[in-house]
Amino acid sequence: MSPSLLVLTGAHVNRITSSFTPAYLQSLMADVFALVSSQSESNSNNPTSNPTSYMPQRIVFPTENHKVLFMPSRICDMGTTMKIVSVPTNPGDLRGLPASTIVLDQDTGGVKAIVNARMLTALRNAAGSLLSTNLIGPTHPTHIVAFGAGQQILAHLDLHLKAYPESIRSITIINRSMNQRFRDMVSTLRSRHPTSSVVQENLQCLEWTPLSSSTAPSQTETPNSRNVRQALSSASIIITATPSRIPLFPSLWVPDNAHVILIGSYTKEMKEVDRELILRAVSSESSESPRLLVDSVDACLGEAGELLDALDAGLSRNQMMEIGEVILERRRKGLGFDDYCLRQGFEGETRTSSSDASSHDFQNFNGPITLFKSVGVGLQDVAIACAVVDRAEEMRMREAEDDESPSLQSES
């Protein structure tokens, strides 16, 4: 009898991922980032070593209304997947990015599952961003400012609220317009946090069209720009997830000690922030050379427009540090995930240290601001898709044992 094919819809994925804790998701991404950096290091030191993962170039071709991306990836001890994403070519198409992931059976080589991945990309990105906050960001963030209206912002806010329920006091979400997509995102966030006073009472929504790069902010200030500037002035964390080709705000609006998370840009033309803000992350009066944190140096230097722009202003490759390098260095020091979860006090995590949890182990990130830039790593898709499929199979087995009608359907 052939194995059954598991088909997971968006509703299934929502149900499954709602059981994933922030600690689990961070641990999953920490393993992926460590693998990315360790393999790069291994390939440099020993080019003939056996790879532990594969991430070939994506295949791209146009269809009538989309640019379709095929992205195969493999983590040898976890699984093999291919994510397919359709990017609308019509700028007016605001329906989001259709995405599906095919998961192969390690034994038979056949397709084991097809997963609706529309929200999984946002979730794995948000988990990586939360990990960056936990590693180099503020210990007790109080105010988050987010730019964008899609699944990325929803996932980022959702995870940060779960991770810092005691310290976060207010959220400001900024978008070009209060369109239906924006309203749906805010409604979903509120439905996920029905008892949160932050979401229900202290969530501010602002409309904002970024100033052109040639316009001096002081000469064109409007009521909207004053509101955005005021929101940013008290921000602990700033999250941007837009395809903007001009900076969303000037560096001078961002306070010292803010942690900036850049998710949106993925081409050389896209620039969510100006070069001045990038350089603030690597400027310091101390003798230590501060760094900015990235998911992959090579990927960011190939796709992140704001970093490429900053290279022309003096940013160098050795001022970037991969988040996987931070994880590996922590592990070499005997610090595992439990230790950096200590700062968030997750239930179920071992507390083994009595040291000041507000201090960072790495003084590399001591610029006026801290910054994490992510363009996404294909191995993240393998990890999150396999985690979802594994959990779905566990849930299906429990439902069968309980003699209930399975909610997670399979096809022969």
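Author: What follows sets values from this structure against the definitions behind the words. This is a predicted model, in which local features need pLDDT of at least 70 and side-chain atom pairs count only at pLDDT 80 or more, while totals for chains, interfaces and linings use all residues. Residues are numbered from 1 along each chain as its sequence is written, and side-chain values use heavy atoms, with hydrogens and water left out.

Reader: Why is serine 53 called buried?

Author: Buried means under 20% relative accessible area, exposed means over 50%, and partly exposed lies in between, with a 1.4 Å probe and protein chains only. Serine 53 has a relative accessible area of 7%, and therefore it counts as buried. Serine 53 lies in strand S2, residues 53–54, where a strand is a DSSP run of E with at least two residues, a helix is a run of H or I with at least four, and both are numbered from the N terminus.

Reader: How do you know that leucine 277 is buried?

Author: Its relative accessibility is 1%, so leucine 277 counts as buried. Leucine 277 is found in helix H8, residues 275–280, and, leaving aside neighbours within four places in sequence, it is in contact (heavy atoms within 4.5 Å) with Phe249, Ser251, Val254, Val260, Ile369 and Leu371. Leucine 277 and valine 254 are 23 residues apart in sequence, and their C-alpha atoms are 8.1 Å apart in space.

Reader: What makes H3 oblique to H4?

Author: The axes of helix H3 (residues 120–136) and helix H4 (residues 151–163) come within 8 Å and cross at roughly 45°. Axes are lines fitted to C-alpha atoms, for helices over the stretch in contact, and angles run from 0 to 180 degrees between N-to-C directions. Angles under 35 degrees count as roughly parallel, over 145 as roughly antiparallel, 65 to 115 as roughly perpendicular and the rest as oblique, which means that H3 is oblique to H4. Among the residues that make the contact are Ala122 and Leu130 of H3 and Ala155 and Leu159 of H4.

Reader: Over which residues does pLDDT stay under 50?

Author: pLDDT, the predictor's confidence in each residue from 0 to 100, stays under 50 over residues 342–359. The protein chain averages a pLDDT of 85, and 83% of the residues score at least 70. Where pLDDT is low, the predicted coordinates should not be read in detail.
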